[in-house]
Amino acid sequence: MLDLELLRSFVSVVDAGGFTRAGERVHRTQSTVSQQIKRLEDDVGQPLLHRAGKAVTPTEAGERLLSYARRLLALAEEARDVMARPGSEGAVRLGIPEDFAAYRLTKLLAAFSRAQPALRLDVRADQSIVLRRDLERGEIDLALLKRDAGEQGGIARWPERVHWVTSKAHPIAADISSVPLIGFPAGCLYRTRAIHAIESAGRSWHMAYTSSSLAGIQAAVAAGLGVSILSEMAIQADHRTLTARDGFAPIDKTEVALVASPDASASTLRLADRLARFCDTVQAKAA
């Protein structure tokens, strides 16, 4: 049997990146946390951490154990919550980008909700800039966010495939003097990337259509009002992908990150685990 206290210290060390900060999280001294990690390594018979000065990173075996440790701790916390509040598991407030809401997660979330009848699931779809703000304010518990690749923080992350698109039936002219852009309101990552890419190419641009609705943006592109940047899952049959040969350079790398609030409940972490496994599967199929 794996000791939950040892697993809790192990997860804290990985998340904090060191023994001192981990000790503060679990209210133990640095030496106590170090001893607990040694006991856990003895239990599993493998080194779990690379130690380079104060920096600590998981070994390959540590990475394998980490997901199990999170799930075991979440289940233990869930059991404690259920026993403390029989008949109700509270609520989980989840934020997701609109393209995920429309194309990927509705069935998963519905199945999760049916399997947890005592849990209230509150899902909101919005721009990542809004979801990030809501997470920081404590207004949601968990979020899938689109962000610049390589940003720190979060439970998991996946590279995102995004493309320039125009109308298949009514594409914009290659020699157009000012590129008509279609996008979400100011603050959207895709909009910022589109403007930067066009200006870096020395071209002029103007906003031809702005909408807070993904469906509105998709329809505007299909109608030929301009060009936009869409994630691969949001590109439709009446769209045409633009490449560097069309004068549109590839977009800098973006990613989708799964981020939880610092005091996430067991139910929130259980949903996070389900989302992470789902996104891992989608990423593997797309590779």
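Let's start with helix α7, residues 128-137, which lies across β3, β4, β5 (142-148) and β12 (254-260). Helix α7 runs at about 130° to β5. For the names, helices (H or I, at least four residues) and strands (E, at least two) are DSSP runs, numbered from the N terminus. Axes are lines fitted to C-alpha atoms, for helices over the stretch in contact, and angles run from 0 to 180 degrees between N-to-C directions.

A word on the source: this is a predicted model, where local features need pLDDT of at least 70 and side-chain atom pairs count only at pLDDT 80 or more, while totals for chains, interfaces and linings use all residues. Residues are numbered from 1 along each chain as its sequence is written, and side-chain values use heavy atoms, leaving out hydrogens and water.

Now, the sheet. Five strands form an open sheet with mixed pairing, in the order β4-β3-β5-β12-β6; two strands pair if DSSP finds at least two bridges between them. At the edges are β4 (120-125) and β6 (156-160), each pairing on one side only. Strand β3, residues 91-96, pairs with β4 in the parallel sense over six bridges. Leu94 stands opposite Val123 in β4. Helix α6, residues 106-115, packs on the sheet and touches β3 and β4, where contact means heavy atoms within 4.5 Å.

Finally, how do the axes of helix α1 and helix α3 cross? The axes of α1 (residues 4-16) and α3 (residues 30-44) come within 9 Å and cross at roughly 110°. That makes α1 roughly perpendicular to α3, a label for angles of 65 to 115 degrees; under 35 counts as roughly parallel, over 145 as roughly antiparallel, and the rest as oblique. Among the contact residues are Phe10 of α1 and Leu40 of α3.
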